[in-house]
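Below is a short briefing on one chain, for reading alongside its sequence and structure. The points are grouped by topic.

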Amino acid sequence: MEQLIIPEQDIVNALCVYISRKKQVKLEEVEIELMYDDDYGFSAESHVGGRKQVLITANIIEALRLWLDEFLNRDPYAGINLVLDDEKGIIAVVQ
């Protein structure tokens with residue numbers, strides 16, 4: 001089966017959709033910053049209305065499952081791995 005690579009910008013977009021639905025706000029009100037730490041792995045910060053929320057890897061995967069299902073019409077339960085790429089930044093590899 002072919003691999004699908006989800007670029008960093010699409011991961012940010014997926015998280016924006018995810019947070020906007022959870023917080024019931026407009027997409028334009030959501031800001032996302034992806035992060036990687038050697039000790040803690042992948043995470044993200046969302047900023048909505050002056051409030052910050054830290055998202056863990058499981059939240060990012062959940063957002064990507066939503067993105068796969070609704071925007072890419074792919075199996076949302078496929079294997080998703082987050083990868084720190086030297087050139088592309090944080091990407092997701094979908095099996």
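The accessible surface of the chain is about 6,100 Å², and 45% of that area belongs to carbon and sulfur atoms (Shrake-Rupley method with a 1.4 Å probe; for residues, only the protein chains shown count as cover). The model is a predicted one, in which local features need pLDDT of at least 70 and side-chain atom pairs count only at pLDDT 80 or more, while totals for chains, interfaces and linings use all residues. Residues are numbered from 1 along each chain as its sequence is written, and side-chain values use heavy atoms, with hydrogens and water left out.

**Overall dimensions and burial**

- The C-alpha trace spans about 40 × 30 × 20 Å along its principal axes.
- Of the 95 residues, 42% are buried (under 20% relative accessible area; exposed is over 50% and partly exposed lies in between, with a 1.4 Å probe and protein chains only).
- Among contacts with a separation of 6 or more, 45% join residues 24 or more positions apart (contact means heavy atoms within 4.5 Å).

**Secondary structure and sheet**

- The chain has two helices and six strands, running β-α-β-β-β-α-β-β from the N terminus (DSSP runs numbered from the N terminus: helices are H or I with at least four residues, strands are E with at least two).
- Three strands make an open sheet in the order S2-S3-S4, with antiparallel pairing (two strands pair if DSSP finds at least two bridges between them).
- Strands S2 (30-37) and S4 (51-56) are at the edges with a single partner strand each, so one side of each has no neighbour in the sheet.
- From one strand to the next, the twist averages 20° (axes are lines fitted to C-alpha atoms, for helices over the stretch in contact, and angles run from 0 to 180 degrees between N-to-C directions).
- Six bridges join strand S3 (residues 41-48) to S4 in the antiparallel sense; the bridge partner of His47 in S4 is Lys52.
- Helix H1 (residues 8-23) packs on the sheet and touches S2, S3 and S4, with its direction at about 125° to that of S2.
- Helix H2 (residues 57-70) also packs on the sheet, touching S3 and S4, and its direction makes about 85° with that of S4.

**The S3-S4 turn**

- S3 and S4 form a hairpin with two residues between them, and Gly49 in the turn has a positive phi of about 55°.
- Gly50 lies in the loop between S3 and S4 and counts as exposed because its relative accessibility is 83%.

**Nonpolar core**

- The largest nonpolar core has 30 residues, and those with the most contacts inside it include Ile6, Ile11, Leu15 and Leu82 (a core is a set of buried Ala, Val, Leu, Ile, Met, Phe, Trp, Tyr and Cys residues joined through side-chain atoms within 4.5 Å).
- H1 supplies the largest share of this core, eight residues.
- Not counting residues up to four places away in sequence, Ile6 touches Ile11, Leu64, Leu68, Ile91, Ala92 and Val94.
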